[in-house]
Amino acid sequence: MSETLENLLQENRQFPPPDELAASANVTAAAYDEAAADRLGFWETQARRLSWATPWETVLDWSNPPFAKWFVGGRLNVAYNCLDRHIEAGRGGKVAIHWEGEPGDTRTITYADLHRSVCQAANALTDLGVTAGDRVAIYMPMIPEAAVALLACARIGATHSVVFGGFSADALSGRIQDASAKVVITADGGYRRGKPSGLKPIVDEAVALCPTIEHVLVVRRTGQEVAWGDKDLWWHETVEQASPEHEAQPFDAEHPLFILYTSGTTAKPKGILHTTGGYLTQVSYTHHAVFDLKPDTDVFWCTADIGWVTGHSYIVYGPLSNGATQIMYEGTPDTPHKGRFWEIVEKYRATIVYTAPTLIRTMMKWGDDIPAKFDLSSLRLLGSVGEPINPEAWMWYRKHIGRDACPIVDTWWQTETGGIMISPLPGVTATKPGSAMTPLPGISADVVDDQGQSVPDGGGGYLVLREPWPSMLRTIWGDDKRFVDTYWSRFEGMYFAGDGAKRDSDGHLWLLGRVDDVMLVSGHNISTTEVESALVSHPSVAEAAVVGATDPTTGQAIVAFTIPRGHVESEGEAGEALIAELRNHVAKTLGPIAKPRQIMLVPELPKTRSGKIMRRLLRDVAENRSLGDVTTLQDSTVMDLIASGLKTGK
Ligand code: ATP
Ligand code: MG
């Protein structure tokens, strides 16, 4: 970026925490002071929330940056912390997971049940020759066995590598090869959009290219016909027959817990490596602090897939280490109807929902009347993660899901950070719609300019992390150099997150999306996020994606792809009028410099499989190029839809 980001969007609304929540919050403002006074001591206190077999000698070894070692010399078992210790405390009968299958089948799994299954799976994996340090690939639908598989690996010290169940055989085999995994755990299939979709055939195709794989362990979920080879074993014939007795051994705090490949929307996937003690410390603490989790009364629901880091940290390790009761849902939000999520909230009396802006904007498009049909009065806290949340989407979430009573925590973090880094604390922070507010206690995030200097309040630039944090990635699997080059070379001594951010006049942080997405219009840096948020602030708009297209006069020009809300007339002349109105609306909201050259009304936007807008493809459309790589698209028909819509919508 040649200049700092422009400071365009103004947001004056602010919402203090509800009194009742503030009065009984797990974490108070004192945490910021404690961490400021003694950052490492603060993290030691959080590490003591866990059960350690051997205490650490040194909290942080940063003698060889950027390679961190946390809780050096400490030993613990992650599965023991997530299961056994709750049972030993007399909580074995407590529900760990209310599982809801897409077709409507359900399972209620207590901590004792989960422990039994994890011990069986640990024994079965051991029988298959898996030992500590071996890699196990996991390619599964959202069924309880997915959580069991992760925890069983953790229990025996095997390093898991979960690959999202929607990825192709190529993506799966690439990841298996990169990690030299020995076993794959999968299922015959899972339910998506009302029908069984096969996973095993994809695994078969992938494994044919992966000589390191010795066994394929298959859960029967759908009962589909599957081909069967000599590496294949049924879960119910192995795991479910294994002994439920298993004593967990402690592992070194820096033992590799998992590898997770970033989705690869930007380049060749990176195998992000997370280790044991620091990771669990931070995800457990942040789950407790940011969601104010009360294990005896809360019903927590994170709607992510286990294939993403959000599923690892806030379905498996965070909630279970805190003894939470949670909901796990197999399917899509519109099956069999568009109110499915809210029906689930009503059914299980969910108190906390953690979801993504893409879902919230989709719900806005579908209409307010859908959540209104359900009793959402059990909810007390809402969370958002994955992309910047547009202020109006935030307001919609607050009003139509949170009945204007629930605080919203907008949580910024990455696969690389392992756990939440920037977020309000629900009992402390007066939130602003669209802002992730402040770094959590013990985290030192900053916004810097090109030269790596902190920007003043009101300025914008690059988001960096100045100090190591417990759940930070330790390296890129097998590629220390790429780890250093990607994250630690842009600014001396700082972690470069790759995201743009601004700090408002109160010092609060606003995430502006990837720096690669920032547009340069007539010499001004304009963030796609801010223009998108201006569009979404118009009552006729549900969702918008903005790109900078090469322009002979302005360098780049703003081109916006906009999805109207469900009730809005957008054909023919009404569409033309809406486009004119939206262009003016953006100019009025952000200033004339941000007025889009062109707005296209489209029925859908291209998204990655984790639901993030893929602006790269839209840039291709805006610049009349043939499309680049579309393999990470969630739905490949979307680009055709957009192309056909463009013929009529311009
Ligand atoms: P890849 O790195 O493979 O291209 P990705 O960055 O989308 O994929 P994740 O690690 O899941 O993969 O996502 C982290 C990114 O998501 C962040 O760097 C940021 O751009 C965005 N993000 C996550 N949470 C927020 C948030 N609350 N506000 C703004 N942006 C967010
Ligand atoms: Mg990323």
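Glu145 is in contact (heavy atoms within 4.5 Å) with Arg107, Met140, Val219 and Trp235, leaving aside its neighbours within four places in sequence. The residue belongs to helix H6, residues 144-156; helices (H or I, at least four residues) and strands (E, at least two) are DSSP runs, numbered from the N terminus. Glu145 counts as buried because its relative accessibility is 8%; buried means under 20% relative accessible area, exposed over 50%, and partly exposed in between (1.4 Å probe, protein chains only).

This is a predicted model, in which local features need pLDDT of at least 70 and side-chain atom pairs count only at pLDDT 80 or more, while totals for chains, interfaces and linings use all residues. Residues are numbered from 1 along each chain as its sequence is written, chains are lettered from A and ligands numbered from 1 in the order in which they are written, and side-chain values use heavy atoms, with hydrogens and water left out.

Cys210 is located in the loop between helix H8 (200-207) and strand S11 (215-219). With residues up to four places away in sequence not counted, Cys210 touches Ser173, Ile176, Gln177 and Lys231. The C-alpha atoms of Cys210 and Gly174 are 8.7 Å apart, although 36 residues separate the two along the chain.

The "binding site" annotation of the unreviewed UniProt entry covers Arg192, Arg193, Gly194, Lys195, Thr310 and Ser522. These residues span 331 residues of sequence and are also spread in space, up to 50.1 Å between C-alpha atoms. UniProt positions are given in the numbering used here, feature names are shortened, and annotations may be inferred rather than shown by experiment.

Among the annotated residues, Gly194 occupies the loop between strand S9 (189-192) and strand S10 (195-198) and is in contact with Glu102 and Thr335, neighbours within four places in sequence being left aside. Ser522 lies in the loop between strand S26 (519-521) and strand S27 (524-526); under that same exclusion of neighbours within four places, its contacts include Thr554 and Ile593.

| Residue | Relative accessibility | Class |
|---|---|---|
| Cys210 | 1% | buried |
| Gly194 | 55% | exposed |
| Ser522 | 41% | partly exposed |

Strand S22 (residues 460-465) and strand S24 (residues 495-503) run antiparallel and are joined by five bridges, with Gly460 opposite Lys502 in S24.

Methods. Two strands pair if DSSP finds at least two bridges between them.
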